[in-house]
Each structure stands twice: as C-alpha cells, then as structure tokens.
Amino acid sequence: MRHLMSPMDFSVSELEDLMDLAYDIEMNPSKYAHACEGKKLATCFYEPSTRTRLSFEAAMLNLGGNVLGFQSADSSSAAKGESVSDTIRVISSYADICAMRHPKEGAPLVASSRSLIPVINAGDGGHQHPTQTLTDLYTIRALRGSIKELTIGLCGDLKFGRTVHSLINALVRYPNIKFVLISPDELKVPSYIREDVLEKNNIPYVEVERLEDAMPELDILYMTRVQRERFFNEEDYLRMKDFYILDKAKMEIAKKDMMVLHPLPRVNEISVEVDDDPRAMYFKQAQNGVYVRMALILTLLEVSVC
Ligand code: NCD
C-alpha cells in the first residue's frame, strides 16, 4: 500500500506516468466515469480549504465513487481530543482512501503509519502540499510541453508557503531549472530547503527582494499569498501582506510567454486586472487539480482503466 506525503514519494518517471494518466482523463473523461464505483474517499480536513477539498471530492465523484468526511477540526472528534492515529484507524474501516489536511507538520505522516488505507497529504502546516505540486507540474508540462530549461520565480511567502517547499523539492529533479526566490528578508525560503535541497543538488538560484528586478528573465512566475495563519502576531502579517502586488505595469516588463501561476486563494498579491492577461494561468491550474487528483486516486487504489 502506498501513501503520498511528499512529491519525492514518486520518482520522476512515476510522475510522468501520473501526468500522462491525468492528461488522458482530461481528454477522455467518460472513459473513467465508473472506474471507482463502490469506492469511498474520506476527506479529513483539520484546516480550511476550498480548492483542495472540493477538487478531491469532485475527482472521486467524477470517477463514480463516493465521498465522506469533515471540513474542520471543530466538527470532528479532534475537538474532543482524539489523536489522528485513532481517527485514521477508524476511518480505515469506513473508506478506501483518505485525503488529510492538518495544521501540524507531519500529522498526515503519523496517520499514514497507522492507516490501513492509502493516505494523501493534502497540506501539513508550513511543510508540504504534494497534490498542489502535482497540479503545478501538470500545468507547467501542459503549457510548455516539458519540464526543463526554465527560470522559475517563486514570489511572496517562501517561509511558510508549503506549496513552494513542495514545488522546489519536486523541480530540482528536472533538467536545467533555475530559481529566482523573490521575498522580503523575513519571508525567505527556510534554510533546510536552501541547504538540503537547492545547494545539495547544485541547483542555481538567487534570492532577490524586488519583483521588478526578477521579472524580465522569468519563464514562470509562481505567486503566493502571505500565510496569515502561520504568523505569530498580526502586526507582522499586516506589515508583510501587501509587499508584492502583481499588476499590469509589472506584466509589461515580463516575457511575452511568461506564465503566471498561483495555488490560490489570492488575497491582494495579484491585481484582478491581470486575470484577463493570456499569461495568467491560475484558474486553469485550479481546474487541472481535478485531473491530477483523479489520476492519483486511481494510482493509489491500483485501479486501471483500459
Ligand atoms: C494553498 C495551501 O493550502 O497551502 N492552497 C491550496 O491548497 N491551493 C495555498 C495557500 O493557502 O496559500
């Protein structure tokens, strides 16, 4: 039985297979409409979510399966003090697969060690968000044809942003990827990512503060929200929250084929005027999340469709 805790749990060739499957699903959805009939997905969300939870649910429903679950710690027995280990033991007898989001780093990993069904990390604190990364990789591959020879700017809250941590982890395995890490000093990428992931793999990167300075050389700009819920005090958040605002004027200095991604939700960091720019890909990216999650469910449940 396999779980998904980090994008590193899949080799590059397994990721390729998964993306090929997601592409076939996107092109031929009816072929997969009954693939998971009689199967159930449990969504155990101890932290708020719109896209991740609903795209998991849509994915299972599109496969002909059913969904059950809870949307907040308050509405589960966590509020009574139950551990994730006990919760997953019980859910293992109610469902065939589980997607879990938790504010504590490592909670889905603890759950997976006790689980009798595959567990998918749907975001654990400021740590990892592997299914967002699968979505990001799929979107890059779909728009660029392949994942190689790219200068990728990651902008915003690189300290607490788990989507950024997962994406860097995954991308260092692809050829000739260069990173431009754009953040204020206080929100720089954690040292374990810099040292153990980037430097260890000899990946070229620079850290800059001004988005304008980075813009002209980027092939992809990955914007992120300042992660309010992970700040220790509100004042720091308020000081940081509007540090970057991508607007039309900044888009003018970007390459004509630069692609703007964002895991969403957006707060202020991308002005709505950018939405009509053909380079704004974040809504398509959110749509792609359903295809990759369908492919992931099929892969972990070992369901094949001929
Ligand atoms: C992200 C997350 O939860 O980390 N959202 C998502 O799943 N698409 C990004 C965020 O909340 O900023």
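User: Let's start with α5. Which residues does helix α5 cover?
Analyst: Helix α5 runs over residues 130–144. Keep in mind that the model is predicted.

User: How far apart are the end C-alpha atoms of α5, and what span should we expect?
Analyst: They are 21 Å apart. At 1.5 Å a residue, the 15 residues of α5 should span 21 Å, so the two values agree.

User: How many residues of α5 are buried?
Analyst: 12 of its 15 residues are buried, so α5 is mostly covered, with buried meaning under 20% relative accessible area.

User: Which ones are they, the buried residues of α5?
Analyst: P130, T131, Q132, T133, L134, T135, D136, L137, Y138, T139, I140 and R141.

User: What follows α5?
Analyst: G145 does. Its phi is positive, near 90 degrees.

User: New topic. How do the axes of α2 and α11 cross?
Analyst: Helix α2 is residues 51–62, and helix α11 is residues 282–300. Their axes come within 8 Å and cross at roughly 55 degrees. The two helices are therefore oblique to each other.

User: Is that crossing of α2 and α11 left-handed or right-handed?
Analyst: The crossing is right-handed.

User: Which residues make the contact?
Analyst: From α2, they are R51, T52, S55, F56, A58, A59, M60 and N62. From α11, they are A286, G289, V290, R293, M294 and I297.

User: How do the residues of that contact divide into nonpolar, polar and charged?
Analyst: The contact of α2 with α11 has 8 nonpolar, 4 polar and 2 charged residues.

User: Stay on α11. What span should its 19 residues have?
Analyst: At 1.5 Å a residue, they should span 27 Å. The end C-alpha atoms of α11 are 27 Å apart, which agrees.

User: And how many residues of α11 are buried?
Analyst: 14 of its 19 residues are buried, and α11 is mostly covered.

User: What about just after α11, which residue takes a positive phi?
Analyst: E302 does, with a phi of about 55 degrees.

User: Last one, A107. Where is its place?
Analyst: A107 is in helix α4, which covers residues 107–114.

User: Why does A107 count as buried?
Analyst: Because its relative accessibility is 8%, and buried means under 20%.

User: Leaving aside neighbours within four places in sequence, what is A107 in contact with?
Analyst: V84, M100 and H102.

User: How far is A107 from G123 in space?
Analyst: They are 9.6 Å apart, C-alpha to C-alpha. In sequence, A107 and G123 are 16 residues apart.

How values were computed
Residues numbered from 1 in each chain as written. Predicted model: local features only at pLDDT ≥ 70, side-chain atom pairs only at ≥ 80, totals over all residues. Heavy atoms only, no water. Helix = DSSP H or I, 4+ residues; strand = E, 2+ residues; numbered from the N terminus. Expected span 1.5 Å × (residues − 1). Buried < 20%, exposed > 50% of the residue type's maximum accessible area, 1.4 Å probe, protein only. Axes fitted to C-alpha atoms, helices over the stretch in contact; angles between N-to-C directions. Parallel < 35°, antiparallel > 145°, perpendicular 65-115°, else oblique. Left-handed = near helix turned anticlockwise from the far one by under 90°. Contact = heavy atoms within 4.5 Å. Nonpolar A, V, L, I, M, F, W, Y, C, P; charged D, E, K, R; others polar.
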